[in-house]
Amino acid sequence: MSLRKTKPSKASKKRPRRLIVRKEIHAMSDGERDAFIEGVLELKRLGIYDEYVHAHHHIMIPTVLCGEPRHPEYRNGAHQGPAFLPWHRAFLLRFEADLRKINPSIILPYWDWTRDALDPLRSPIWGPKWMGGNGDPKDHDLVKDGPFAQASGKWHVEAFPEYGFDVPGLRRSFQRHVTSLPTPEDLSRAMNESFYDLPPYNADPTVRGFRNVVEGWRTNKADPAVTTDGSQLHNRVHLWIGGHMYWMVSPSDPVFFLHHCFIDKVWADWQAQKQLDDPRWVPHYAPMECGPRGHNYYDRLKPFNVTVEEMMDIKELGYQYDQARELKPRPPKSPFEAR
Ligand SMILES: [Cu+2]
């Protein structure tokens, strides 16, 4: 994996660059879809793809402090804290850059699961030319169709006995852990959060803030507006798909990238809304300092050679999304008004 810095040099900053436009899967042409799938298969063949699986696994287990995760100051560097969004933005950028080395026309697709929440099993994403379908519950939940089935010969996933995956191959188990996908209403709860994150910057259901809500830790244990039990939004999609997506090795399933690309878009939309509502409060990130290690604004996002600060502006990073959310200025709220 190329973990080097891809920040534009001063010279290239001055020139207007053509931005990559990432599209929703329903808006991708067959050719765009096929180029993406071919690129992913090629990264797998080259051994580069598995480095991404490893990097994601690694950041969740002891890496930040010695003696983790038993260390009292231990924090997962990419989840359950403010760095969740910038860490995954950096991860996707590297992945997209590696794909574009294979074919410069490849763009990273995103899957807006709220569009499919009413009838998720019939989403085109599970078609044999996209991600392939559910795993076979009679055969270890193994995916049997599409480009990422073990039988295709192009997508080998190691057995992982630690997780009970005793035979090799990609696994999915739709609807086993949760029966529904997040809805547009669920998403708007996150979009309506005023602050990026709030102390103690963790995964407690009582913590408000855009990051904790969109990551999915704010549940009906603390928020009566949540209508479904258990994990929400980002987490819920991992659980709904199941199989490899249920575990730390979730990028073993390429649907990981389509899911996280949507999460990245949701963050970009929230950032644009905040920019409009409260331009003086830039950068709409917290904490700036004194927060958990690896999660502050100027901290480095291990193992990447970039900081949170450098992940804030997608256009500066060279891309945008096809359908940015419609921006409507929201009236300023009195500090005395109940939420
Ligand atoms: Cu995730």
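Tutor: Gly39, Glu42 and Leu43 in α2 meet Asp98, Leu99 and Ile102 in α4, where contact requires C-beta atoms, placed from the backbone, within 7 Å. The model is predicted: local features need pLDDT of at least 70, side-chain atom pairs count only at pLDDT 80 or more, and totals for chains, interfaces and linings use all residues. Residues are numbered from 1 along each chain as its sequence is written. Helices (H or I, at least four residues) and strands (E, at least two) are DSSP runs, numbered from the N terminus.

By class, the contact of α2 with α4 has 3 nonpolar, 1 polar and 2 charged residues; Ala, Val, Leu, Ile, Met, Phe, Trp, Tyr, Cys and Pro count as nonpolar, Asp, Glu, Lys and Arg as charged, and the others, Gly among them, as polar. The two helices pack at an angle of about 95°, with axes 9 Å apart; axes are lines fitted to C-alpha atoms, for helices over the stretch in contact, and angles run from 0 to 180 degrees between N-to-C directions. α2 and α4 are therefore roughly perpendicular (65 to 115 degrees).

In the largest nonpolar core, which has 72 residues, Ala90 and Val266 touch the most other members. Such a core is a set of buried Ala, Val, Leu, Ile, Met, Phe, Trp, Tyr and Cys residues joined through C-beta atoms within 7 Å. Elements giving two or more residues to this core include α2 (30–45) and α4 (84–102), while the largest share, 11 residues, comes from α8. Of the 23 residues in α8, 18 are buried, that is, with 20 or more other C-beta atoms within 10 Å of their own.

Terms used. A residue is buried if 20 or more other C-beta atoms lie within 10 Å of its own, exposed if 12 or fewer, and partly exposed in between; C-beta atoms are placed from the backbone. Angles under 35 degrees count as roughly parallel, over 145 as roughly antiparallel, 65 to 115 as roughly perpendicular and the rest as oblique. Two residues are in contact if their C-beta atoms, placed from the backbone, lie within 7 Å.
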